[in-house]
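Trainee: Could you take me through one spot on this model in detail, and then out from there? I'd like to understand what surrounds it before I look at the rest.

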Amino acid sequence: MKDIELKNQEIENTIKDLAKNLLKDRKVDMIIGYTKGTVPLSSSPIFITREEDIDKLIWNNLCYANLAKYLAPRGPILYNKEGQEIKVGIIAKGCVGRAIIHLTVENQINLENIKMIGILCNGIINRKRIEKEIGEREILETSVMGKNIIVKGCDFEETFPFDDYMNELCKKCKVKSPPKVADSCVGECLESPPLIEDDFNDISDFESKTSEEKWDLIKETLSTCTRCYACREACPMCYCSLCFVDQNKPIWFGKTTDFTDIFAFHFNRAMHLAGRCVACGACSSVCPMGIDLNFITRKLEKIVKEKFNFTSGIDKETLPPMMTFRMDDNEEFMMEED
Amino acid sequence: MTVQTEQDIKVNEKWEPKIIAFLCNWCSYAGADLAGVSRIQYPPSIRIVRVPCSGRINPFFIVKALLEGWDGVLVSGCHPGDCHYLTGNLVARRRFGILKDLLEFFGIEPDRVSFMWASAAEGERFASLIKKTTKLVKKLGPNKKFEKNW
């Protein structure tokens, strides 16, 4: 296996080449990609329209954002002065590709206007876990060397093994590059839909607990939530023009940070994402309180996989489970007379 | 965990749960009506909300009801295939299945929220299922998880 830094460099060069060609040939009007973050242990999205800016594009293991977020809902950035939709090239790791396909299924975006610059993602670093371990000390620089993540501050240098400090969802990820759809993909992409086999044994431990234990554990995990809604803002599937948390007629739950209201927010969000979540882990990566929301993501994946044998964002022909129904759906949970 | 005092237990014996029941206009509500006019006895624990169809039930209704302190939630619609709007209850069934799984995952006792089918001709069945729900919720005790602490 090649060193991660070399691989990153390789990916970065490919991205730049492909992006440059697309812009030069006028195949796209704008490239959405990642650039260096303003603080260490982060990256920012960048919107490039001029060829000379291409060198600002980067790829490293901190490109946690899901860029499909910028495609739906369609903001003014996606239109030119004449009010026509522009063509967009987007740097697509596996989960960005999945989000784009799922948004197409939900009729949110027009695939004709999108070119995915596919890459074979090599995993995203769990930055919240590293931040937690570094604690109060200030991080000045992060880099990946060999198979380790190196975090430097003014009076310390720490090494973390990459394989261990990868995002939990990336460890389980089976769709590392975007699935191929028609000719909207350049670069690396999956030719045939991947066979997704998963045992979900990482949450089976939690599931086997009693309701009381589960409630207490959830309370412990979520109670630090300040309801800043960063998870919603980062989520490519949260494109509703009026989110249920902003609704005030009716008010679905209170505005306090009491646990009941926090619970209602996370539960209702999970309910909204069932069969739609593409398991990109962007929500956990942006949480300022470092709450690990991945266990909810995993549960949602598990429910739709087991109940409906569905995995979101793999192909654009299959309807998501909540958009359809069958006469012979399972109804074991319905109450029957004794 | 709080220790149950003797007084608590006494209160619990007398305690009757309050259950909010969302009944669809065309089958279950008429079923409840039939149970009434046929003088079939069932516990007075349910408060009925009539909705056009079980497909009208937003999962948020159920969460909101629990949040407001209802001890149990019951949703009832027409049998599959009998829906007045043809497929409303089939859409609802998928939602309820996921909702129930998620509630269990988040640590809510699954028996607090029940789903059932009852047609307009099934007054008997309606009464017996209400009895069953009441029994299940009574066993769980009051909905204390959603008490606000401030």
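Leaving aside its neighbours within four places in sequence, which residues is A:Ile125 in contact with?

Mentor: Keep in mind that this is a predicted model, where local features need pLDDT of at least 70 and side-chain atom pairs count only at pLDDT 80 or more, while totals for chains, interfaces and linings use all residues. Residues are numbered from 1 along each chain as its sequence is written, with chains lettered from A and ligands numbered from 1 in the order in which they are written.

Now your residue. Setting aside anything within four places in sequence, A:Ile125 is in contact with A:Asn61, A:Leu62, A:Ile130, A:Ile149, A:Tyr165 and A:Met166 (contact means C-beta atoms, placed from the backbone, within 7 Å of each other). A:Ile125 sits in the loop between β4 (114–118) and α3 (127–134) of chain A. Those labels are DSSP runs numbered from the N terminus: H or I with at least four residues for helices, E with at least two for strands. A:Ile125 counts as buried because it has 23 C-beta neighbours inside 10 Å. The cut-offs there are 20 or more other C-beta atoms within 10 Å for buried, 12 or fewer for exposed, and partly exposed in between, again with C-beta atoms placed from the backbone.

A:Ile149 stands opposite A:Phe160 in β7(A). Strand β6 (residues 148–152) of chain A and β7(A) run antiparallel and share five bridges; for strands to count as paired, DSSP has to find at least two bridges between them. The whole thing is an open, antiparallel sheet of three strands, ordered β5-β6-β7 in chain A. Its edges are β5 (141–145) and β7 (157–161) of chain A, each with a single partner strand, so one side of each has no neighbour in the sheet. Direction ignored, neighbouring strands here are turned by 20° against each other on average. Angles like that run from 0 to 180 degrees between N-to-C directions, with axes fitted to C-alpha atoms (for helices, over the stretch in contact).

A:Arg26, in the loop between α1 (4–24) and β1 (30–36) of chain A, counts as exposed because it has 8 C-beta neighbours inside 10 Å. Its phi is near 60°, a positive value in a residue other than glycine. A:Phe200, between β8 (185–187) and α5 (201–207) of chain A, also isn't a glycine but has a positive phi of about 50°. A:Phe200 is partly exposed, with 15 other C-beta atoms within 10 Å.

Two proline spots are worth a click as well. The peptide bond from A:Ala72 to A:Pro73 is cis, with omega near -5°, and A:Pro73 is in the loop between β2 (43–48) and β3 (88–92) of chain A. Another cis bond joins A:Lys249 and A:Pro250, with omega about 5°; A:Pro250 is in the loop between α7 (230–234) and α8 of chain A.

In all, 31 residues of chain A are in contact with 36 residues of chain B. On the chain A side, α8(A) gives the largest share, six residues. Helix α8 (residues 259–273) of chain A packs on helix α3 (residues 59–67) of chain B at about 165°, with the axes 11 Å apart. A:Thr260, A:Ala264, A:Phe267, A:Asn268 and A:Met271 from α8(A) meet B:Pro59, B:Phe60, B:Val63 and B:Leu67 from α3(B).

Definitions and conventions. Two residues are in contact if their C-beta atoms, placed from the backbone, lie within 7 Å.
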